[in-house]
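Here is a friendly tour of the bonds and charge pairs that link side chains in this protein. Have the structure open and follow along.

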Amino acid sequence: MITSVRTGNSEVMRTLRQLSYIGTTTFFTSLTFLAGCTGEIAPGDGEITGGGETSGSGSGSGSGSTGSGGTDEPDNGPPEKCIPGIPITSQIPRLLNRQYDNTVRDLLGVTSVDSKLPSEQLVDDFDGPMTPDAWRLYQEVAEKIAKAVMAGSNKSKFISCDPAAAGCLEQTIKTFGRKAFRRPLTDLEVARFQKLGQITPAGTPAEVAEATLVGFLVSPSFLMLPELATDADASGQGIKLSSYEVATKLSYLLWGSAPDEVLSAAADSNELQTKEQILAQAQRMIAVREKTGPLVTAFHRNWAQMNNGNAHWWKMDHDTETYPLYSDAAKPSWQAELDAFFEDIAFENGSFDDLLLSNVAFVNKDNAAIYGLDPASYGTELTKVELDANQRPGFLTRVGFLSSYAGYDATSPILRGAFISVYLLGVNPGPPIPGATMQTVQGDFATQRARIEKLTEPASCKGCHSVINPPGFVMENFDGIGKWQTTDPLGGAIDASVTTNTIDFGDGNVKEISSPLALMQEIAQLQKAKQLYAESWVSYAFGRDPNGKDKCVVDQIDMNLSEGGYSILNLLADLTQADSFRVRVRETP
């Protein structure tokens, strides 16, 4: 517990802290009973009077906790058909840790607690009900934040008047509460917060103010993103979200934080009830690059499997004798390059095609030489450049991917080919045979391609590797850390005999591909690749696994992706036009 602001009155402060938690424990421990219930939660009072739609994922908008991440093996695949309707979703998602950080930053100016991000002192994001440890840490971090705010330069972000002055605390409860709860407080809620100043023995006005801030930071109405409106939608599809709930949904999807003043004013005026009203706000918000950029990079990390614990991103070290340009310390900058690449594509009005074809790169001293540039011309900061468009089309030709999907002292056509086949071509080759990673082959090979072909020659391997290997062989002009090579370290030439392969892109589309550029051009036009991209966006943005009802949204975005001029930012705006963005449905018991 935080000791008293006024030395010698720690017992009063402790009592105030305890009172500020009243009701919240009941709320959180009751979440285990939500699955399948159809009751409602009394807004903001911290007590549960019924239940929610489902236990849900606890993810909230833009969670990324579901979707394409998880394992390096594909799942059973996406739903095949659109099922009209609105998916059943949780009405009480919890703030993700990154959203928690953004929210306390924007509301209170707090960016660190004990020299760490606030969320680094919380438990990791998790699905399901609140746990005792998670709840304890929320309390501890709330206390530290409140103490720092009241003692520092950000105090006015919470309270801008003298807490001893008549009416000051009541006004603070209403004004800050509107921001923290993302809606106006009820009279009952205001009265409950005011009770913190009515205990015996009385705390000082400063102590009561600090305890009030703690109360807000541990309230379910702050830590959750509840959808509790009960009015039926005019179409009869379900329950219409309030403008306050839509504003919250918009802000946490696009900005990962609480609504700004403009969006809050629109909610106060009930101007977030139609698709057109929502679209106007979405387009305004999307244009704010510094706020929407983090969503773009976070999504593309998810889509590219960088969040997949079983994927190969950033796990491989390399032999510095074989690759003298390699440095393990450079990995963070290689990841930063990809983040910058994805954000730049989006905010330069780029499309899905550009993710695979753009020759834009972000170069510093850590990757310049790998790209054939003079490292002496670059410092630690990333500089936007254009590389050889024939050699370096898209993110798969960047150092981050190529070095991650390679071996210690050699390329790995299998790893590169498997990634392309599974996550871009949508092929499910099935799991490798037992002991596959331990297989070896003896012989005198002039190229890595010859060695891999011999290694995967057995009938038990050939079925899968006839699909996996070809796109990997196309990428053999890139060495194990991504430098362009024309001679294999084994001695043979890397020419058309190595890089030319027949690739089955599905649906009878079988083509001979001879270069990375030709491969990326084909994938950029591939309907399946666009479908997977659209599905990943819908799953990530809505925080739920692919399902038949969201498939209708996926299909519309997929169709738009095939039209010229449809940018990634257009896609973001279209996500807010789904019926499920304005309406929710209950699960039938």
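This is a predicted model: local features need pLDDT of at least 70, side-chain atom pairs count only at pLDDT 80 or more; totals for chains, interfaces and linings use all residues.

**Disulfides**

- Cys 82 and Cys 552 are joined by a disulfide, with 1.9 Å between their sulfur atoms.
- Cys 82 sits in the loop between α2 (24–29) and α3 (97–108), while Cys 552 belongs to helix α23, so this bond ties together parts that are 470 residues apart in sequence.
- Cys 161 and Cys 168 form another disulfide, their sulfur atoms being 1.9 Å apart.
- Here Cys 161 is partly exposed at 32% relative accessibility, whereas Cys 168 is buried at 4%.
- The link of Cys 82 and Cys 552 is right-handed, with 90° about the S-S bond; the link of Cys 161 and Cys 168 is right-handed too, with 90°.
- If you number the bonded cysteines in sequence order, the pairing reads 1-4, 2-3.

**Cysteines without a bond**

- Cys 464 is in no disulfide, and its nearest cysteine sulfur, that of Cys 461, is 8.4 Å away.
- Seen from Cys 461, the closest cysteine sulfur is the one in Cys 464, and 8.4 Å is too far for a bond.
- Cys 461 is buried, with a relative accessible area of 11%, while Cys 464 is partly exposed at 24%.

**Salt bridges between separate elements**

- Asp 579 pairs with Lys 275 in a salt bridge, and their closest N and O atoms are 3.5 Å apart.
- Asp 579 lies in the loop between α24 (568–575) and β6 (583–584) and Lys 275 in helix α12 (residues 275–286), so the contact ties together parts 304 residues apart in sequence.
- Asp 579 is partly exposed at 28% relative accessible area, and Lys 275 is partly exposed at 32%.
- Lys 511 forms a salt bridge with Glu 522, at 3.0 Å between the closest N and O atoms.
- Lys 511 is in strand β5 (residues 510–513) and Glu 522 in helix α21 (residues 516–524), 11 residues apart.
- Lys 511 is partly exposed at 35%, but Glu 522 is buried at 14%.

- The side chains of Lys 551 and Asp 555 meet in a salt bridge, 2.6 Å from N to O.
- Both residues lie in helix α23 (residues 550–561), 4 residues apart, about one turn of the helix.
- Lys 551 is buried at 6% relative accessible area, whereas Asp 555 is partly exposed at 28%.

Methods. Residues are numbered from 1 along each chain as its sequence is written. Side-chain values use heavy atoms; hydrogens and water are left out. A salt bridge is a side-chain nitrogen of Lys or Arg within 4 Å of a carboxyl oxygen of Asp or Glu. Helices (H or I, at least four residues) and strands (E, at least two) are DSSP runs, numbered from the N terminus. Buried means under 20% relative accessible area, exposed over 50%, partly exposed in between (1.4 Å probe, protein chains only). A disulfide is a pair of cysteine sulfur atoms within 2.5 Å.
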